[in-house]
Amino acid sequence: MTRFQALDVEKKCTSCHREGFVGYANTPRVANQKLDYLIKTLSDFHDNKRPNMPRMTALVRNLSADDIAAMAHYLAGL
């Protein structure tokens, strides 16, 4: 199990972004996005610079920069 997969089990990312992280309706696809975009977006949620999605802010609030990087690298590679 990769570090991100362990984080996903804990954070339940696929409950909104769906299996394969393909998104659905108003939930964006995060699979195969650009690495810098993913890191910036996750970091912005973490730092509450994107308060429009309180659930995302709550999910990533306690992640370290290394956790965010691991998540972004995994998603970018899908």
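Me: What share of the 78 residues in the protein is buried?
Reply: This is a predicted model, where local features need pLDDT of at least 70, side-chain atom pairs count only at pLDDT 80 or more, and totals for chains, interfaces and linings use all residues. Residues are numbered from 1 along each chain as its sequence is written, and side-chain values use heavy atoms, without hydrogens and water. Buried means under 20% relative accessible area, exposed over 50%, partly exposed in between, with a 1.4 Å probe and protein chains only. By that cut-off, the buried share is 32%.

Me: How many helices and strands does the protein have?
Reply: Helices (H or I, at least four residues) and strands (E, at least two) are DSSP runs, numbered from the N terminus. The elements run α-α-α-α-α in that direction. The count is five helices and zero strands.

Me: Why is the protein as compact as a globular protein of that length?
Reply: The radius of gyration is taken over C-alpha atoms, and the globule rule is 2.2 Å times the number of residues to the power 0.38. For 78 residues the rule gives 12 Å, so the protein is as compact as a globular protein of that length, its radius of gyration being close to that at 11 Å.

Me: Which residues of H5 are buried?
Reply: Helix H5 covers residues 65-76. An α-helix has 3.6 residues a turn, so residues three or four places apart point the same way. The buried residues of H5 are Asp-67, Ile-68, Ala-70, Met-71, Ala-72 and Leu-75.

Me: How far apart are the end C-alpha atoms of helix H5?
Reply: The expected span of a helix is 1.5 Å times one less than its number of residues. Twelve residues should therefore span 16 Å. The model agrees, with the end C-alpha atoms separated by 16 Å.

Me: With which residues is Asp-67 in contact, leaving aside its neighbours within four places in sequence?
Reply: Asp-67 is found in helix H5. Asp-67 counts as buried because its relative accessibility is 13%. Contact means heavy atoms within 4.5 Å. With those neighbours left aside, the partners of Asp-67 are Arg-3 and Leu-7.

Me: Is Asp-44 buried or exposed?
Reply: Asp-44 lies in helix H3, residues 35-46. Beyond its neighbours within four places in sequence, Asp-44 is in contact with Lys-49 and Arg-50. Its relative accessibility is 11%, so Asp-44 counts as buried.

Me: What percentage of contacts with a separation of 6 or more comes from residues 24 or more positions apart?
Reply: Take the contacts in the protein with a separation of 6 or more. Among these, residues 24 or more positions apart account for 55%.
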